[in-house]
Amino acid sequence: MKSIRKTILLSALAASFLSLSSIALARDLTIALRSEPSSMDPQFHSLTPNTQLSETLFDPIVRTDANAKPVPSLAESWTVDGNVWTFKLRPDVKFADGSPFSAEDVLFTYARVPKVPNSPSSYSLYLSSVEKVEAPDPLTVKITTKGPSPVLLPNLSMVPIMSKKAASGPAPEGKTTVELNRGDGLVGTGPYKFVSWKRGAEIIFERNEHYWGEKPAWDKVVYRPISNSAARVAALLAGDVDLIEDPPTDDLPKLKNDKNLHVQETPSVRVIYIALNQGAEVPPGMTGTSDKNPLADKRVRQALSLAIDRKAIVDRVMGGAAQTAGNLLAYPGFGTSEKLSKVALADATKAKELLTAAGYPDGFTVSLGSPAGRYTNDQRIAQVVASMWARIGVKANVETMAPPVFFKKRDSYAFSTYLAGWAASSGEMLNPLLALVHTKNPALGLGTTNWSKYSNPELDKLVVDASRTLDDAKRSEMLQQAGSIVMEDFGILPLQFELSVWAMKKDIRYGGRTDQMTLAQYMTLAK
């Protein structure tokens with residue numbers, strides 16, 4: 001009897017020790033975001049703060065790795081025969097609520113994309129080449145494209161798969177964006193599951209115990225939106241957070257020399273640009289133009305571009321943590337032209353001559369909208385651009401605001417000009433050309449983020465033809481031509497390519513990504 005009691009006692013002590021060990025080993029991760037998402041709906045707004053969280057809750061059928069290369073996800077393999085792509089889905093996958101994943105969920109997800117109302121930057125862009133989606137059986141998806149679709153795989157990586165069971169509803173799109181924002185129907189197959197979102201304070205995810213892939217390192221992930229970059233650094237130094245996005249460029253030398261921290265720098269595919277409202281009517285915030293819109297004149301657009309000293313912005317504002325941009329994607333990215341990698345030097349004298357020739361010797365006034373804290377030093381860059389334009393007589397009234405407010409106003413054409421950014425998720429020129437400068441056609445998923453009213457039929461044809469050309473050499477040539485057209489038109493003014501930077505506690509590692517996404521599932525403890 002004594003022996004039995006001793007055995008029971010030892011077993012209890014062992015169980016307690018194991019339980020305490022598990023608690024000790026359990027670790028939460030707290031991440032400071034530079035910008036809060038505008039929505040949790042994974043199909044509402046194609047914006048990095050939104051996308052990086054939806055990719056942690058959901059899986060696409062194909063995902064891209066840290067260098068934008070397509071790799072298997074919910075689809076284990078795929079084949080292509082002409083315009084027909086066949087995807088073999090991963091078996092025995094479950095959603096976070098324990099329900100099974102099947103091809104029906106893929107059909108539901110893709111059908112929902114064009115039905116989401118009021119999208120500031122629609123996910124229709126990524127399905128614009130898709131003609132038909134079918135499910136021959138529960139583990140097979142067949143996609144027929146409108147023609148050859150060379151970037152279908154990276155495009156599909158941008159559309160996370162939702163649960164038909166959880167996200168269905170009476171609205172045309174099923175669960176509405178409002179419902180998804182509060183977590184109703186927000187069920188995915190990703191490594192984490194949604195717990196809560198307190199706007200302006202924190203977003204909490206917990207590990208998805210049904211996840212089919214490698215178990216992530218963290219039991220719980222807490223995201224804290226801290227738009228002020230100095231405040232993010234202070235939170236890291238105080239130990240209140242484990243990792244921060246986008247530390248101030250001025251602080252990088254200090255952070256790199258701190259033995260308690262690790263800084264990760266990764267080249268990105270994000271371009272920061274100025275868009276010019278080129279419609280026939282006078283845009284909001286513009287005065288002194290005799291009821292005309294000077295931005296519709298190529299000479300004026302060229303003058304505004306020549307007034308900008310891009311090298312000074314990179315050196316003085318960005319502290320060298322960027323690269324001057326003369327195109328929408330850095331060379332030698334696929335479809336980029338080497339000649340556009342050489343950025344024209346600022347020339348205020350020539351800029352003034354162009355304004356005079358266009359009939360505006362005394363300049364005019366515009367509004368320049370910018371988000372506050374969405375991109376690295378965005379407000380400072382907008383102010384510097386305004387001061388550079390002032391030298392040629394163009395007064396820019398800078399309007400900065402929280403990112404959600406900015407995007408809403410931008411999408412209602414509330415600015416004469418605006419500063420924004422775009423990450424080429426596919427790693428080639430087709431993506432920004434389709435999104436930013438193709439003539440806007442929401443029904444076809446074209447020009448989804450073209451809020452400048454720029455339109456050039458020659459460019460449109462080249463871009464659409466390139467999107468259907470499988471021959472890499474021919475497609476690259478078409479994309480280079482299209483890029484040259486918009487740059488020669490000064491249809492959009494690229495400023496710089498961002499360098500992605502994260503700072504973290506010394507015992508944490510994150511390798512970074514070219515698409516700039518902060519993905520908790522790829523963060524680990526340092527070895």
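Reply: To begin with a term, helices (H or I, at least four residues) and strands (E, at least two) are DSSP runs, numbered from the N terminus. This is a predicted model, in which local features need pLDDT of at least 70 and side-chain atom pairs count only at pLDDT 80 or more, while totals for chains, interfaces and linings use all residues. Residues are numbered from 1 along each chain as its sequence is written, and side-chain values use heavy atoms, with hydrogens and water left out.

Me: OK, where does Glu173 lie?
Reply: Glu173 lies in the loop between helix H5 (164-167) and helix H6 (177-181).

Me: What does Glu173 touch?
Reply: Not counting residues up to four places away in sequence, Glu173 touches Phe108, Arg112, Lys115, Val116, Pro117 and Ala167, where contact means heavy atoms within 4.5 Å.

Me: Switching to Ala166: buried or exposed?
Reply: Ala166, which lies in helix H5, is buried, with a relative accessible area of 13%. Leaving aside neighbours within four places in sequence, Ala166 is in contact with Lys175, Gly185 and Val187.

Me: Now the cavities. How many of 30 Å³ or more are there?
Reply: The structure holds 7 cavities of 30 Å³ or more. On a 1 Å grid over the protein atoms alone, a cavity is a set of points where a 1.4 Å probe fits but cannot get out, and lining residues have an atom within 4 Å of a point. Grid points are joined across faces, edges and corners, and a volume is the space filled by probe spheres set on the points.

Me: Which residues lie nearest the centre of the largest cavity?
Reply: Of the 21 residues that line the largest cavity, Ser46, Leu47, Thr48, Trp422 and Ala423 lie nearest its centre. About 230 Å³ of space lies in this cavity, and E16 gives the most to its lining, with 3 residues.

Key: 1 Å grid on protein atoms, 1.4 Å probe; cavity = no way out; pocket = protein on both sides within 12 Å on 5 of 7 lines; lining within 4 Å. Buried < 20%, exposed > 50% of the residue type's maximum accessible area, 1.4 Å probe, protein only.
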